[in-house]
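Good morning, and thank you for making time for this presentation.

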Amino acid sequence: MSESIESMATADSKNGTDYDVVVAGGGPVGLFLAGELRLGGANVLVVERLAEVDETIKAGGINTAGAVSLYRRGLLPDLVAAWERNRWRMRAFLGDRDRDREQGADAPRTPPKFAGHFAGIMMRGDLFDDSDPAFADIGPADGVGLGVPQVELERILGARAERLGVEVRRGVELTGFDADEDAGEVVVRLGSGEDVRAGWLVGCDGGRSTVRKLAGFDFPGTEPEITGYQAVVEMSGGERLGVGWNTTDVGTYVNGPFPGRILTVEFDGPPADRSAPVTAGELQAALRRVSGVDEVTIHEVHSSTRFTDNARQASGYRKGRVLLAGDAAHVHSPFGGQGLNLGLGDAMNLGWKLAAVVRGTAPGSLLDSYTAERHPIGAWVLDWTRAQIAVMRPDRHARALRRVVTDLALTATGTTYLVKQISGVWQHYDLPGDHPLTGQSAPDLELSDGTRLGDHLHAGRALLLDLADDPKLRARAEGYGDRVDVVTVACPGRPELTGLLVRPDGFVAWAADGSDQGDDLDTVLTRWFVAA
């Protein structure tokens, strides 16, 4: 069930502007959001400062929640292909180097259930209890995103945006804007000298967001205390380094999981200038200090970045006709690989809502639910990364705490708890309703016609599953045809379920068991899919 490009609005913007929405930032979050908006019928322009896809080493994987979002939009084959191209990066986690020699490098692989760490404390797969209910009914996306680097994901989402008809202008920077609520527009000024008029502006332009700063969003948080480097290099003397994550008296360093990839962390305060080019000498000095291996020499730098643990979050994600998503809304250290996945969740949540407001099928107040639902998850991620910094500090108190955390992590209960947090399967929204599934990410039910629930979400519309062939239930969805797809089918694996309403972002808005279909379905449909 492919995305229905033909069914989307192709006319000019509804209010006489040039575009319904301008998205500032053409990284993965901005591109994913633009695709979601386009699925919802919005006319979208993406402006990206960089002329080409950024090859700098960044996020090295997508967690379960992120992979499920992409699967629900029909992108699972692209993820699998990307994982296959990059599986060599995961060999340290998979332990399949011997199998490669026996079966050949081209032998098919199965993505790992998980790979991750907490503050550099690696988790053991044999301690992970995948029978935990939190991991039930995830479907074929489970583990697929692990080892897919950010640059690969950006290419996948860029190709999708192009298929959907999103206009992307690279090498064009947003330099300013004027938002006029009364006129219902935002005039966006571009570095090319052009002004464009849009109904809405979304800042997906990173941690140092121009949109956030110019709009005046509050951005409270905690000050940084580390300087970190991540790079892909050519080096000699690397055989003296420990493999994987290593904790020393000075800080932490990483060697792997593929040749030449290094990472260092020192608790000496933030860098004086994060934007200055990272030199081979700078990386070499940091690696020698942290590892204590003076023989290691860096000859060439292929890709590098500095980072710190500045942890901040916008107090709200909307100011009038300006919204934030991804790193523009929240920044934190990269430990645990949460940032990219958090941004994908923002885009999935915001896209269908903003598109509905643009179409006039929902009131502007629907956008209030974006901050209400996503802000708590962002706050949790910031605290998750702060906790890791506390465990990574080189002082005696932190090292004592680290030993305790390590002991707990290396138990079945501890490992399973940490995997649940890292994977994102715990995420839910506080939605009205008493059913246990309400507010949860929808289980990927296997249906009697051979499809799965996720197959019915590719078009970006809501889904009402009639699992009991109930004409009265289907009648309640009449009049929502362009917003809610109704599918009558059985679910042998969950016979107690008789009905399920899934929002376009894949979260359950309503569910029923037995013969009780609940009068609240009408209220739920009206809340999410009818204009005030």
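Leaving aside its neighbours within four places in sequence, which residues is Arg321 in contact with? Before I answer, please note that this is a predicted model.

The partners of Arg321, once those neighbours are set aside, are Asp180, Glu181, Gly184, Glu185, Val186, Gly199, Trp200 and Leu201. As for its position, Arg321 sits in the loop that joins strand S16, residues 318–319, to strand S17, residues 322–324. Is Arg321 buried or exposed? Its relative accessible area is 15%, and because buried means under 20%, Arg321 counts as buried. One of its contacts deserves a separate mention: the side chain of Arg321 reaches the backbone oxygen of Gly199 at 2.8 Å.

I turn now to the pairing of strand S8. With strand S1, residues 19–24, S8 pairs in the parallel sense, and the two share 5 bridges. Within that pairing, Ala24 has Gly203 of S8 as its bridge partner. With S17, the pairing of S8 is again parallel, over 3 bridges. Here Gly203 has Leu324 in S17 as its bridge partner.

S7 and S8 form a hairpin, with 4 residues between them. In the turn, Gly193 has a positive phi of about 95 degrees.

Let me move to two individual residues. The first topic is Asp20, which belongs to strand S1. Asp20 has a relative accessibility of 3% and therefore counts as buried. A polar atom of the Asp20 side chain lies 2.7 Å from the backbone nitrogen of Asn43. In sequence, Asp20 and Asp195 are 175 residues apart, while in space their C-alpha atoms are 14 Å apart.

The next topic is Leu174, found in strand S6, residues 174–180. Leu174 also counts as buried, at 7% relative accessibility. What does Leu174 touch, not counting residues up to four places away in sequence? The list consists of Ala24, Val188, Arg189, Leu190, Leu201, Thr210, Val211 and Leu214. Leu174 and Pro394, by contrast, are 220 residues apart in sequence and 41 Å apart in space, C-alpha to C-alpha.

There is also a sheet of 3 strands to consider. This sheet is open, its order is S9-S15-S18, and the pairing is antiparallel. Why is one side of strand S9 and one side of strand S18 left without a neighbour in the sheet? Strand S9, residues 221–222, and strand S18, residues 330–331, stand at the edges, and each has a single partner strand, so one side of each has no neighbour there. S9 and strand S15, residues 311–313, pair over 2 bridges in the antiparallel sense. In S15, Ala311 is the bridge partner of Thr222.

I shall close with the empty space in the model. Rolling a probe the size of a water molecule over the atoms shows where empty space is left.

How many cavities of 30 Å³ or more are counted? The count comes to 1, and the largest cavity holds about 30 Å³ of space. Its lining consists of Leu431, Pro432, Ala509, Val524, Arg527 and Trp528. By class, these lining residues divide into 5 nonpolar, no polar and 1 charged. Helix H14, residues 520–529, gives the most to this lining, with 3 residues.

The second largest pocket holds about 620 Å³ of space. Its lining has 37 residues, and those nearest its centre are Val425, Gln427, Gln440, Ser441 and Ala442. The elements that give two or more residues to this lining are helix H2 (64–71), helix H9 (339–359) and helix H10 (368–392). Which of these gives the largest share of the lining of the second largest pocket? That share, 6 residues, comes from H2. By class, the lining of this pocket has 19 nonpolar, 12 polar and 6 charged residues.

Thank you for your attention.

Note on methods: Residues numbered from 1 in each chain as written. Predicted model: local features only at pLDDT ≥ 70, side-chain atom pairs only at ≥ 80, totals over all residues. Heavy atoms only, no water. 1 Å grid on protein atoms, 1.4 Å probe; cavity = no way out; pocket = protein on both sides within 12 Å on 5 of 7 lines; lining within 4 Å. Points joined across faces, edges and corners; volume = space filled by probe spheres on them. Nonpolar A, V, L, I, M, F, W, Y, C, P; charged D, E, K, R; others polar. Buried < 20%, exposed > 50% of the residue type's maximum accessible area, 1.4 Å probe, protein only. Polar contact = N/O pair within 3.5 Å; in protein donor to acceptor, adjacent residues only side chain to side chain. Contact = heavy atoms within 4.5 Å. Pairing = 2+ DSSP bridges.
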